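Hi everyone, thanks for coming. I'd like to walk you through one structure today, so please have it open on your screens.

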Number of protein chains: 2
Amino acid sequence: MSIDRRSGCPINLSLEVFGDRWSLIILRDMIFGGKRHFRELLNFSLEGIASNILADRLKRLMELGMLTKADDPSHKQKAIYSLTEMAITLVPIMAQLGAWGRVWLPVTEELSIRAELLEKGGPPLWEQFMDELRHEHLGAPSKTPPNTPTVRQQLRAAYEDVVARKAESATA
Amino acid sequence: MSIDRRSGCPINLSLEVFGDRWSLIILRDMIFGGKRHFRELLNFSLEGIASNILADRLKRLMELGMLTKADDPSHKQKAIYSLTEMAITLVPIMAQLGAWGRVWLPVTEELSIRAELLEKGGPPLWEQFMDELRHEHLGAPSKTPPNTPTVRQQLRAAYEDVVARKAESATA
DNA sequence: CCAATCCGATTGCATTTTGCAATCAGTTGC
DNA sequence: GCAACTGATTGCAAAATGCAATCGGATTGG
């Protein structure tokens, strides 16, 4: 369950952490989708992860120090998963992956608009997003001024614009 | 063998391309190690890839458009594998992966010096490196002035410095 | 109070993928 | 001719994956 250490190469070690088909998907849904609960990750997953795999990966990501788990005070059974700093700093990797995929792979427009925004925003936007995630998941004080839309809100708004525009052009 | 298309999300599609334990390792050895032949990839692989897996992944990467294969004029059996533009543009992803792994994972110094250099050089260095790769693999005219050390030479020199320094401090 | 539903998982099982060792046939150098 | 090397392929065991069913506890609605 833990790491292999085939070699001390940083790219290899990174691959051993999330070089599988699900780990990054889960982290993506937590980072960009704001998902915190098992059922949210299970039921709203676009790719349809199985519950045993989800349980296994959540456990593995906790062992690796990418996630922590806490009780949800509002519901005795619910567990809240939080990103650690280690996971939050994946944002630049996610941004690059999205940018690359958008160029070379058959992405759908509504699902790639967020990657486009993140790419256009560049490192400053990534930093702002990571700051928000630290606030959300680690309770850190937010450095972004109040009354500015959060990055996640911006991404969500852009996504909904595309969906709305597509629905309109379909009925027109 | 080809792609799943679980969803049209760019991050998901990227994962379906190289979300396994070997594809990116092979591309890393081609990009940073300058490996072009089957045996080079097989025998000098730090992580010890098996020949059937290597054959399978090379085939898959060709089907995906990341590699091309050509006869080696010097040896009737030898095949030369070349990176396509699609693979060359992975350099920024590799750089980010290396930078992240260097911070969070138990990398060895000599294997992470290249990642450090690539991180410090930033996008301009990545661009120069990609230009060199286009020259090497696609026959494109090189934009970098002659008599400047190539990025790969710089990376290699930095690696050898670390190895030499370590050997010296071990005997001292 | 009780049934239905929701919670984070776990179990069993069939299928697929992986990793390893051995082997292959053609090419080359001597 | 023959050993070494070329890019692979094959057989087989082990592990990972995907799917459906299920679990015991908690909560909700009536």
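I'll start with how the chains relate, then turn to the DNA, and finish with a few spots in chain B. One thing to keep in mind throughout is that this is a predicted model.

Let's begin with the two protein chains. If you turn chain A by 180° and shift it 0.0 Å along the axis, it can be laid on chain B with an RMSD of 0.1 Å. That is what a two-fold axis does. What about the surface through which they meet? Of the interface residues of chain A, 100% are also interface residues in chain B, so the copies meet through the same surface.

Now to the DNA, and to strand C. There are 20 residues around DNA strand C, and those that come nearest are R39(A), Y81(A), W22(B), N52(B) and Q77(B). Which part of the strand do they meet? Sugar and phosphate make up 56% of the atoms of DNA strand C that come within 4 Å of the protein.

Let me pick out some individual contacts here. On chain A, a backbone N or O atom of F38(A) sits 3.4 Å from a phosphate oxygen of DNA strand C. S51(A) reaches a base instead: one of its polar side-chain atoms is 2.8 Å from a base oxygen of DNA strand C. From chain B, an N or O atom in the side chain of S51(B) lies 3.5 Å from a base nitrogen of DNA strand C.

Which element gives the largest share of the surface near DNA strand C? That is α4(B), with four residues. Sorted by class, the residues of this surface are seven nonpolar, eight polar and five charged.

On to the other strand. DNA strand D has 20 residues around it, and N52(A), Q77(A), R39(B), Q77(B) and Y81(B) come nearest. For DNA strand D, sugar and phosphate account for 54% of the atoms that come within 4 Å of the protein.

A polar side-chain atom of W22(A) is 2.7 Å from a phosphate oxygen of DNA strand D, and an N or O atom in the side chain of R57(A) is 2.5 Å from a phosphate oxygen of DNA strand D. From chain B, a polar side-chain atom of R39(B) lies 2.4 Å from a base nitrogen of DNA strand D. The elements giving two or more residues to the surface near DNA strand D are α4 of chain A, along with α3, α4 and β2 of chain B. That surface holds seven nonpolar, eight polar and five charged residues.

Strand β1, residues 67-72, pairs with β2, residues 75-83, in the antiparallel sense over six bridges in chain B. A hairpin of two residues joins them, and D71(B) stands opposite A79(B).

Is helix α2 of chain B mostly covered or uncovered? It is mostly covered, with nine of its nine residues buried; among them are L24(B), R28(B) and D29(B).

My last stop is P149(B), in the loop between α7 and α8 of chain B. With a relative accessibility of 46%, P149(B) counts as partly exposed. Leaving aside residues up to four places away in sequence, P149(B) touches Q128(B) and Q154(B). P149(B) and D20(B) are 129 residues apart in sequence, and their C-alpha atoms are 34 Å apart.

That's the tour, and I'm happy to go back to any of these spots.

Key
Residues numbered from 1 in each chain as written. Chains lettered and ligands numbered in written order. Predicted model: local features only at pLDDT ≥ 70, side-chain atom pairs only at ≥ 80, totals over all residues. Heavy atoms only, no water. Least-squares fit on C-alpha atoms with pLDDT ≥ 70 in both. Contact = heavy atoms within 4.5 Å. Pairing = 2+ DSSP bridges. Near = heavy atom within 4 Å. Polar contact = N/O pair within 3.5 Å; in protein donor to acceptor, adjacent residues only side chain to side chain. Nonpolar A, V, L, I, M, F, W, Y, C, P; charged D, E, K, R; others polar. Buried < 20%, exposed > 50% of the residue type's maximum accessible area, 1.4 Å probe, protein only.
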